[in-house]
Amino acid sequence: MARIVRFHEYGDASVLKIENLDVPPPGADEVQIDVKSIGFNRAEVMFRTHAFMQEAQFPSRLGYEAAGIVKTVGTSVTCFRKGDVVSLIPPSDIARWGTYGELANVPARNLVKHPRSISFEEAAASWMQYVTAWGALIEQAKLTAGDFVIVTAASSSVGIAAFQVAKAVGATVIATTRTRAKRQALIDHGADRVVVTDEENLVARVMEITRGAGARVVFDPVGGPSFIPLADSMARGGILLEYGALSTEPTPFPLFTVLGKSLTLKGYLNGEITNDDAALERAKMQDLILRCPSALCEENQDDTCH
């Protein structure tokens, strides 16, 4: 038996229960791992409090992120074996492959062998933000050298990952933050420019930075009233990728700005990458390149499951 975290009703953290359960063997295309570390993210809180896109079937497991050691593999899995050190790219079902517990069965296609120089904690906490940022900026927006990209909620893990992804292709990052308190930290983490929205006019500052052209790409998890100035800050033909709903206020649709600038406003989910086999493989390799020294990346270049 293993200790597994489940919840039997929606609610705050007090609904989480540690239960001793028998964990079945993995399915044919799954791998069972001894979980050494898990990540925490907002999606899991939203799922537990009934504010997520997926409905829970009680009693429910939960958890998207994990790192651990392979215990056993499904009958059709050939690219992992017992003892491999692995980390998990969040799969599509937060409950079916829940990672809160000592053992977890997870899809083999979402696992990556990671260098032993990376701790379990680092490995568990890395994939969500880097795959999310890379998928949006590179796969979707086709960000390239010379582009300006506005990153909102910039101090989040996804925001910081977006800095690295954008700068890897030569784009210029304009980060936004409400107060001056985080300004220097954002610069230290790679933002080229920071706009303090409680003190500065976002549209005016972006137009000054871009010499009147506006930013071709916006990467936003907030929504709400800020949608209007973000659209006004964009370049003609630009794309705004909305990947969250942090604001509790209604999100207005900037109709005339969208029409006048021929803008694309797109809802974006991490699953657009993780549910596409080819895109997922590209994400694995790009993430290893961003996070690992070249020698370690070469060491792991064949360690993905096809």
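Figure 1. P59 sits in the loop between α1 and β4, where helices (H or I, at least four residues) and strands (E, at least two) are DSSP runs, numbered from the N terminus. The bond that joins F58 and P59 is a cis peptide bond, with omega about -10°. This is a predicted model, in which local features need pLDDT of at least 70 and side-chain atom pairs count only at pLDDT 80 or more, while totals for chains, interfaces and linings use all residues. Residues are numbered from 1 along each chain as its sequence is written, and side-chain values use heavy atoms, with hydrogens and water left out. H50 is also placed in the loop between α1 and β4. The phi of H50 is positive, near 65°, in a residue other than glycine. Most residues other than glycine have a negative phi, and most peptide bonds are trans. With a relative accessible area of 43%, H50 is partly exposed (buried means under 20% relative accessible area, exposed over 50%, partly exposed in between, with a 1.4 Å probe and protein chains only).

**Figure 2. Aromatic pairs, with F7 and F58 as one of them.** The structure holds eight aromatic pairs; rings of Phe, Tyr and Trp (its six-membered ring) pair if their centres lie within 6.5 Å, and planes under 30 degrees apart count as stacked, over 60 as edge-to-face and the rest as tilted. The ring centres of F7 and F58 are 5.6 Å apart and the planes stand at 75°, so this pair is edge-to-face. F7 belongs to strand β1 (residues 2-7) and F58 to the loop between α1 (42-48) and β4 (66-73), so the pair links distant parts of the chain, 51 residues apart. F7 is buried at a relative accessible area of 0%, whereas F58 is partly exposed at 36%. One aromatic cluster is formed by F7, Y10, F47, F52, F58 and Y64.

**Figure 3. The stacked pair of F219 and Y243.** F219 and Y243 form a stacked aromatic pair, 4.3 Å centre to centre with 20° between the planes.

**Figure 4. The kink in helix α3.** Helix α3 (residues 127-140) has a kink of about 25° centred on W134; the bend at a residue is the angle between axes fitted to the seven residues ending there and the seven starting there. Twelve of the 14 residues of α3 are buried, so the helix is mostly covered. Among the buried residues are W127, Y130, W134, L137 and E139. K142 follows α3 and has a positive phi, near 55°.

**Figure 5. The second largest pocket.** The volume of this pocket is about 260 Å³. Of its 17 lining residues, P24, R61, A95, R96 and N105 are the closest to its centre. The lining divides into eight nonpolar, four polar and five charged residues. On a 1 Å grid over the protein atoms alone, a pocket is an open set of points with protein on both sides within 12 Å along at least five of seven lines, and lining residues have an atom within 4 Å of a point. Grid points are joined across faces, edges and corners, and a volume is the space filled by probe spheres set on the points. Ala, Val, Leu, Ile, Met, Phe, Trp, Tyr, Cys and Pro count as nonpolar, Asp, Glu, Lys and Arg as charged, and the others, Gly among them, as polar.

Figure 6. G238 lies in strand β12 and is buried at 0% relative accessibility. Not counting residues up to four places away in sequence, G238 touches R216, S262, L263 and T264, contact meaning heavy atoms within 4.5 Å. S262 is found in the loop between α8 and β13 (264-267). Although not a glycine, S262 has a positive phi of about 50°, and S262 is partly exposed at 49% relative accessibility.

Key
On a 1 Å grid over the protein atoms alone, a cavity is a set of points where a 1.4 Å probe fits but cannot get out, and a pocket is an open set with protein on both sides within 12 Å along at least five of seven lines; lining residues have an atom within 4 Å of a point.
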